[in-house]
Amino acid sequence: MNFSSYLPTNIIAGRGCVRARAEAFKPLGSHALIVTGKSSAACGALSDVCAALEANGQMYTVFDRVAPNPTLACVREGIALLKAAGADFVIGLGGGSPMDAAKAIALLSVEERADEAVFAGGYGQSALPMAHIPTTAGTGSEVTPYAILTDDFSRTKTSISSPALFPKVAFLDGSYTDILPPHITKNTAMDAFSHAAESILKNSSSPASEMFARESLRILFPLMRSIDAPSKEERDALLWASCLAGMAIAHTGTTVVHGMGYFLTYDYGIPHGRANGLLLGETLRLCEEEHVPALDLICSACGADTEEIKAMLSRLLGERERIPRGVLEGYAARAEHNKNVGKCKFGTSKDDILRIFVRSLG
Ligand code: NAP
Ligand code: FE
């Protein structure tokens with residue numbers, strides 16, 4: 001019993017909750033910058049948010065130019081629009097990419113930094129108030145203090161972290177995920193599963209973080225075994241499990257698995273959740289070989305053994321990408337400097353990391 005637990009986001013869940021609980025936007029400000037991608041209009045989320053703000057008499061400006069894996073240039077464009085419009089709060093609406101872009105806009109519009117200093121850390125406590133509405137069930141960004149951006153300086157993706165990045169409100173409406181195509185449903189579920197498992201495998205895990213992580217795995221594992229055509233109830237459960245996994249990593253952060261996956265996304269365009277899924281099975285195998293006790297927590301929460309978890313992931317992944325060994329060796333050398341090396345319950349030496357890479361993708 002030696003931990004702290006800080007989860008300041010007001011979570012409002014249920015189909016129709018954005019319109020039904022419109023008053024939750026009221027204290028955030030008078031003019032919203034809605035940061036989103038193109039799919040938010042198709043899934044109905046954008047019209048719900050606009051209707052809720054209009055009912056409250058709040059103004060809004062829509063910035064719908066966020067593409068997957070947001071860049072600093074995209075964030076700068078959003079900040080310029082926010083300032084031109086005079087917006088005083090931010091709504092992140094979409095998958096993890098628009099939500100993370102929204103967080104960076106809310107932070108960097110208050111704390112101005114040159115591009116070279118964005119990933120240097122040391123952020124203060126203030127950002128514009130935010131509401132977040134996920135339209136994928138994977139990142140949990142709606143309840144985490146992180147924003148992950150494409151980092152062209154380090155040729156990977158890098159997270160910005162600050163308690164100021166916790167949204168004030170998160171609306172969870174599973175109906176926005178009903179139209180997700182199967183490959184995005186699978187990739188994003190693998191992200192959530194990886195968050196929960198990685199949180200348990202972090203040295204900083206605690207009874208609080210484990211509670212969220214284990215409940216997330218308990219929900220996710222059976223759903224991911226039969227994910228081909230989720231019912232509405234299953235969609236709702238996937239979204240809740242993703243949020244739970246977000247609450248787990250809000251305590252612990254992720255492991256080197258995420259850090260390794262960022263190389264795959266940056267260089268090969270492999271979607272974020274898939275990148276984690278590709279690496280997680282062999283990470284669990286390494287834990288088994290090293291007799292890591294925390295692996296039992298993961299397996300018991302899933303009601304499955306390591307082989308069954310690996311089989312579930314392999315089924316979702318289908319044919320794997322293959323990457324030349326020389327490239328993987330380069331990644332292993334770079335991953336050695338990842339901030340999570342030495343902070344995980346499994347070996348994170350250069351050889352351990354290379355073993356995971358080669359077994360997964362070699
Ligand atoms: P995403 O990059 O936000 O979106 C992937 C694709 O899904 C996009 O083409 C998007 O279309 C589409 N999409 C989103 N919602 C949809 C819907 N309801 N119906 C149909 N299509 C939809 O993917 P993601 O996996 O959710 O987020 C990944 C990002 O989150 C990565 O950048 C990752 O690093 C980050 N992440 C952040 C955290 C955190 O704690 N902050 C944690 C994990 C991951 P449009 O672009 O057209 O909208
Ligand atoms: Fe992730």
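Predicted model: local features only at pLDDT ≥ 70, side-chain atom pairs only at ≥ 80, totals over all residues.
I will start with the layout.

Now the interface. On the domain 1 side, 29 residues are in contact with domain 2, and 27 residues of domain 2 take part in return. The size of an interface is often given as the accessible area lost when the parts come together. For domain 1 and domain 2 that buried area is about 2,200 Å², and 58% of it is on carbon and sulfur atoms. Within domain 1, the residues that lose the most area to domain 2 are Arg15, Ala137 and Arg155. Together those three account for 24% of what the domain 1 side buries.

What about charged pairs? Between domain 1 and domain 2 the count is 2 salt bridges. Polar contacts across the interface of domain 1 and domain 2 come to 14 residue pairs, with both residues at pLDDT 80 or more.

Which strands supply at least two residues each to the side of domain 1 that touches domain 2? They are β6, residues 146-151, and β7, residues 156-161. Strand β6 gives the most to that side, with 4 residues. By residue type, the domain 1 side that touches domain 2 has 9 nonpolar, 13 polar and 7 charged residues.

Next, the ligand. Ligand 1 is surrounded by 28 residues, and the closest are Ser39, Ser97, Thr136, Thr144 and Lys157. Two of these can be given with distances. In threonine 144, a side-chain N or O atom is 2.7 Å from an oxygen atom of ligand 1. For lysine 157, the side-chain N or O atom is 2.6 Å from an oxygen atom of the ligand. Tyrosine 176 approaches through its backbone instead: a backbone N or O atom there lies 2.8 Å from a nitrogen atom of ligand 1.

Last, histidine 272. Where does histidine 272 sit? It is in helix α10, which covers residues 272-289. Leaving aside neighbours within four places in sequence, histidine 272 is in contact with Asp191, His195, His258, Tyr262 and Thr265. With aspartate 191 there is a polar contact, side chain to side chain, at 2.9 Å. Glycine 261 is 11 residues from histidine 272 along the chain, and their C-alpha atoms are separated by 7.0 Å.

That is the end of the walk.

Technical notes
Residues numbered from 1 in each chain as written. Chains lettered and ligands numbered in written order. Heavy atoms only, no water. Contact = heavy atoms within 4.5 Å. Buried area = accessible area lost by both parts, 1.4 Å probe. Salt bridge = Lys/Arg side-chain N within 4 Å of Asp/Glu carboxyl O. Polar contact = N/O pair within 3.5 Å; in protein donor to acceptor, adjacent residues only side chain to side chain. Nonpolar A, V, L, I, M, F, W, Y, C, P; charged D, E, K, R; others polar. Near = heavy atom within 4 Å.
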